[in-house]
Amino acid sequence: MLNGSELINKFRSRTINPMEAYGQILLIAMPAFFVLVLFEKFWGIWKGNDTVPVNDMISSLSSGITNVTKDVLGLSIAVISYGWLFEKFSFFQIEATWLVYVIAFFALDFAGYWTHRIAHEYNVFWNNHIIHHSSEEFNLACALRQSISSIVKIFAVFLIPAAVLGVPPQVIAIVAPLHLFAQFWYHTRHIGRMGFFEKIIVTPSHHRVHHAINPEYLDKNYGQIFIFWDKWFGTYQEEKDEIPPVYGVTRPVQTWNPIKINFMHLWLLIKDAWRAQNWMDKLKIWFMPLGWRPADVAKKYPVNKIQDVYHFEKYNPFLTKGMLVWSFGQLIVLLLLLSYLFGNLATIGAPGIFYYGGFVFLTVFAYTELMDRNPNAWAWELLKASYAMYFVITSGDWFGLNSFLPGSVYFFVGYLVVSALFSVWFSFRKEKLQLAN
């Protein structure tokens with residue numbers, strides 16, 4: 001594995017492609033984030049204020065897994081790429097000095113503010129962002145709830161000022177992951193107000209407001225690193241002691257499955273557009289303010305919406321300790337397998353990396369369905385096992401894993417068998433628990 005300086009130098013010289021570079025970065029970032037999430041969990045227990053329920057944590061980390069897998073595999077389309085903007089609009093050719101990196105950081109944050117704000121203000125763009133707000137808790141883990149549904153990206157449009165100034169694309173490519181990772185730390189309830197810093201940067205207090213569904217807090221504090229964008233553009237709201245934030249979304253998602261969450265708003269828009277009698281409503285629903293629905297559809301097909309944010313039941317289907325431990329174990333195994341993928345992208349190559357990505361998504365879907373106590377969760381687990389076994393049987397290996405670590409393919413097959421058996425057992429045992437209740 002490359003260290004940080006080697007990675008940057010290779011990327012600058014273009015001897016490593018962006019997909020591999022991001023994969024190498026994540027090999028460092030994923031364990032760090034995981035350790036910090038666990039630290040917050042144990043810190044909360046020690047302080048008597050545990051803000052990280054295990055089921056919520058597993059769902060959040062699973063969402064992070066699907067997001068980084070999608071990004072590393074390049075499963076998105078930019079409407080306009082920054083490279084194209086740079087070629088067409090740059091008036092200067094500047095060297096990548098430290099000042100250029102600073103300019104790039106500010107440019108990314110400006111673009112981030114507006115794309116974030118648009119996601120909250122228009123129906124069609126909310127689907128790309130609902131996953132991040134779907135947790136009814138607020139903790140470091142929920143920072144990792146990132147989208148897999150943002151297939152088409154408009155982010156680069158807001159980087160035109162950086163392109164005009166001549167900020168090289170390689171600088172943007174290096175700064176962008178750092179800018180993203182710097183948004184992790186303020187997703188916590190364990191840090192109060194931070195004095196002078198509250199005037200400059202986004203703090204936990206600011207972001208608690210942003211994630212809250214209290215009427216006083218809705219659609220405020222869109223800033224990602226710097227809070228002054230909100231103050232300049234009229235979207236700032238201070239956290240008030242007399243109004244404790246309540247977290248989630250006003251139309252609760254009611255599932256731990258991050259893949260379902262990513263597409264549920266889009267599915268609602270599709271159904272509403274189909275059901276609407278007025279053709280204008282079928283078209284304008286996509287670009288109307290968030291939450292808007294045609295009047296005839298809203299009347300005939302009401303959706304569950306929280307009316308009193310201080311009195312509603314959080315989503316928490318009953319899970320035995322054994323099921324929680326099992327789900328956490330599934331997460332750990334998947335993280336190890338994902339690390340192998342990210343560290344060996346070039347060796348596995350295409351289309352193998354995409355088949356591998358399919359396994360990652362199937363695995364997340366299967367064990368989060370089990371956490372939802374879906375009676376058909378066992379079928380998803382068997383589908384996952386069958387999918388993986390097809391590649392093992394036809395190639396005699398799991399995408400080179402056995403060559404990388406001799407004998408490991410037998411452990412992998414054993415994992416698939418044990419995972420399938422336990423999933424079936426938990427599924428049918430769950431039915432007994434339901435009857436008992």
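In the classification of residues applied here, Ala, Val, Leu, Ile, Met, Phe, Trp, Tyr, Cys and Pro count as nonpolar, Asp, Glu, Lys and Arg as charged, and the others, Gly among them, as polar. The structure is a predicted model, in which local features need a pLDDT of at least 70 and side-chain atom pairs count only at pLDDT 80 or more, whereas totals for chains, interfaces and linings use all residues. Residues are numbered from 1 along each chain as its sequence is written, and side-chain values use heavy atoms, with hydrogens and water left out.

The pLDDT, the predictor's confidence in each residue on a scale from 0 to 100, averages 90 over the chain, and 92% of the residues score at least 70. Among the helices (DSSP runs of H or I of at least four residues, numbered from the N terminus), α1 (residues 4-12) marks the lowest confidence in the chain, with a mean of 51, and α10 (residues 204-211) the highest, at 98. Over residues 433-437 the pLDDT is below 50, and this stretch has 5 contacts in the model beyond near neighbours in sequence, a contact being heavy atoms within 4.5 Å. Where pLDDT is low, the predicted coordinates should not be read in detail.

The second largest pocket holds about 660 Å³ of space. A pocket is defined on a 1 Å grid over the protein atoms alone, as an open set of points where a 1.4 Å probe fits, with protein on both sides within 12 Å along at least five of seven lines, and its lining residues have an atom within 4 Å of a point; grid points are joined across faces, edges and corners, and the volume is the space filled by probe spheres set on them. The lining comprises 29 residues, of which Trp126, Ile130, Thr250, Arg251 and His265 lie nearest the centre of the pocket. Two or more lining residues come from each of α5 (98-121), α7 (130-133), α10 and α12 (258-275), and α12 gives the largest share, 6 residues. By class, the lining has 13 nonpolar, 9 polar and 7 charged residues.

Helix α3 (residues 54-72) has 19 residues and reaches 27 Å from its first C-alpha to its last, close to the 27 Å expected at 1.5 Å a residue, a span calculated as 1.5 Å times one less than the number of residues. Of these 19 residues, 17 are buried, so α3 is largely enclosed by the rest of the structure; buried means under 20% relative accessible area, exposed over 50%, and partly exposed in between (1.4 Å probe, protein chains only). The helix is followed by Gly74, whose phi is positive, near 70 degrees.

Ala377, in helix α18 (residues 377-395), is buried, with a relative accessible area of 0%. Leaving aside neighbours within four places in sequence, Ala377 is in contact with Ala366, Glu369, Leu370, Ser423 and Ser427. In the loop between α17 and α18, Arg373 has a positive phi of about 60 degrees although it is not a glycine, and Arg373 is buried at 12%. Asp219, in the loop between α10 and α11, likewise has a positive phi, near 60 degrees, but is partly exposed, at 34%.

Gln237 occupies the loop between α11 (228-233) and α12 and is buried, with a relative accessible area of 17%. Finally, a cis peptide bond with omega about 5 degrees joins Ala350 and Pro351, the latter in the loop between α16 (345-348) and α17 (352-371).
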